[in-house]
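The sequence and structure come first, and the notes follow.

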Amino acid sequence: MQEYNTRIDAFEQELKISSKNDRWYVIVRVITILCFIVFGFFFSRTIRYEFLFLSLSCLLIFFIVMRFHKKILHRIDLLSILLQINKNELNVLNGEKNRYDNGSEFNIPGHSFSFDLDFFGEASLYQYLNRCGTYPGRHFFATYLCDPLSSEQIVESQLAIKELAAKVNFRQDVLAFGIKSEDSKKSYSQLVNWLHQKSLFSSSVANIIIWISPIFLILSFFIYLSFDITIFWKICSSIFIFNLFYFSTFAKKIQLDLSHFETAVNQLEQYRSIFQKIESENFESKLLNQLQGKLVEGNYKASTAISKLSSYID
């Protein structure tokens with residue numbers, strides 16, 4: 001219990017400092033964007049390039065500060081979650097209910113023993129033990145409880161649990177990333193379906209159109225501006241109208257995909273952080289090393305693959 005109180009004090013102190021830094025970043029961002037506008041206005045009035053330089057410099061500083069500010073906001077979110085995690089552990093030790101999912105969605109009425117022994121639901125074994133932050137984790141844990149293990153597997157699991165019990169920082173960081181992903185059965189299914197669905201422009205004809213059409217549009221417009229040949233303006237207009245018509249046929253599907261992108265990016269980023277944490281941890285137990293090995297194939301890591309995927313949609 002003392003350990004959780006100590007961690008709560010440390011996280012509250014760090015959160016206070018981070019929140020103060022957050023306010024300073026907001027002030028700097030406001031100042032830099034105002035300077036960008038002011039210097040830009042002076043440049044438009046005087047056409048003096050030193051004002052243009054100052055304006056663009058302020059814009060560059062704004063984006064640099066925004067990048068660091070994003071990291072601070074990410075840390076503030078994690079600290080808030082870590083505080084909740086440790087306060088929850090104190091509450092459980094004091095006899096209060098665990099705040100995490102009770103696993104009622106995994107209840108199987110026909111199962112040989114889980115239904116009779118109340119493995120899932122309010123005040124169940126699952127709810128008391130559950131420390132899973134993601135839907136795949138919750139699903140795996142439910143399966144783990146319902147599938148009998150051999151005596152050898154039980155011993156391996158006990159050794160793994162004993163080792164993890166001492167790795168408080170590791171466990172809570174992984175849980176915090178999982179909670180931050182805010183995933184659910186629905187969002188996880190959407191992510192998996194999106195990963196397996198074909199691209200909107202997977203056909204060879206569509207690929208040709210999306211590459212050739214803009215090239216011809218720009219080329220026609222350039223020739224018209226350079227040589228004032230009317231026919232190229234008509235060609236340019238026709239291609240532009242064709243592009244609007246062609247891409248509008250995909251508008252509904254694109255809009256639907258975009259509505260899932262923000263959730264997907266956050267989920268993938270947190271999954272990447274979880275995998276990276278697991279990949280970099282040193283384990284002694286056989287079971288934990290086996291599980292860790294599933295995240296690495298040669299020199300290629302799961303976190304690297306997810307990071308690459310995230311870059312495509314972020």
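## Basis and terms

Contact, or touching, means heavy atoms within 4.5 Å. By that rule, and leaving aside residues up to four places away in sequence, I85 touches Y100, Q172, L175, A176 and I179.

The model is predicted: local features need pLDDT of at least 70, side-chain atom pairs count only at pLDDT 80 or more, and totals for chains, interfaces and linings use all residues. Residues are numbered from 1 along each chain as its sequence is written, and side-chain values use heavy atoms, with hydrogens and water left out.

## Nonpolar cores

A nonpolar core is a set of buried Ala, Val, Leu, Ile, Met, Phe, Trp, Tyr and Cys residues joined through side-chain atoms within 4.5 Å. Buried means under 20% relative accessible area, exposed over 50%, and partly exposed in between (1.4 Å probe, protein chains only). Helices (H or I, at least four residues) and strands (E, at least two) are DSSP runs, numbered from the N terminus.

The largest nonpolar core has 18 residues, and F11, L15, L82, L83, I85 and A176 have the most contacts inside it. At least two residues of this core come from each of α1 (2–46), α2 (49–93) and α6 (168–181). The largest contribution is that of α2, with 9 residues. Another core, of 10 residues, lies apart from it and includes F119, F120, A142 and C146. In soluble globular proteins, nonpolar side chains tend to be buried together.

## H69

H69 belongs to helix α2. Its relative accessible area is 4%, so H69 is buried. Not counting residues up to four places away in sequence, H69 touches D22, Y25, V26 and R29.

With D22, the H69 side chain makes a side-chain polar contact at 2.5 Å. A polar contact is a pair of N or O atoms within 3.5 Å; within protein, one must be able to donate a hydrogen and the other to accept it, and residues adjacent in sequence count only if both atoms are side-chain atoms.

## Aromatic pairs

Rings of Phe, Tyr and Trp (its six-membered ring) pair if their centres lie within 6.5 Å; planes under 30 degrees apart count as stacked, over 60 as edge-to-face and the rest as tilted. The count comes to 14 aromatic pairs. In F106 and Y126, the ring centres are 6.0 Å apart and the planes at 50°, so this pair is tilted. The pair links distant parts of the chain, with F106 in the loop between α2 and α3 (125–129) and Y126 in helix α3, 20 residues apart. Both F106 and Y126 are buried.

For F119 and F120, the centres are 6.5 Å apart and the planes at 70°, so the pair is edge-to-face. F119 counts as buried at 11% relative accessibility, and F120 is buried at 6%. One aromatic cluster is formed by F106, F119, F120, Y126, Y135, F141 and Y188.

## Salt bridges

A salt bridge is a side-chain nitrogen of Lys or Arg within 4 Å of a carboxyl oxygen of Asp or Glu. The whole structure has 9 salt bridges. One of them joins E14 to R75, with the closest N and O atoms 2.9 Å apart. This pair links distant parts of the chain, E14 being in helix α1 and R75 in helix α2, 61 residues apart. E14 is partly exposed at 29%, and R75 is partly exposed at 30%.

K180 forms a salt bridge with D77, the closest N and O atoms being 3.9 Å apart. Since K180 lies in helix α6 and D77 in helix α2, the pair ties together parts 103 residues apart in sequence. K180 counts as buried at 14% relative accessibility, whereas D77 is partly exposed at 39%. Between R131 and E89 the closest N and O atoms of the salt bridge are 2.7 Å apart. R131 is in the loop between α3 and α4 (135–146) and E89 in helix α2, 42 residues apart. R131 is partly exposed at 27%, and E89 is buried at 12%.

## Backbone and loops

Most residues other than glycine have a negative phi, and most peptide bonds are trans. I47, which is not a glycine, has a positive phi of about 55° and lies in the loop between α1 and α2. A123, also not a glycine, has a positive phi near 60°. A123 is in the loop between α2 and α3 and counts as exposed at 69% relative accessibility.
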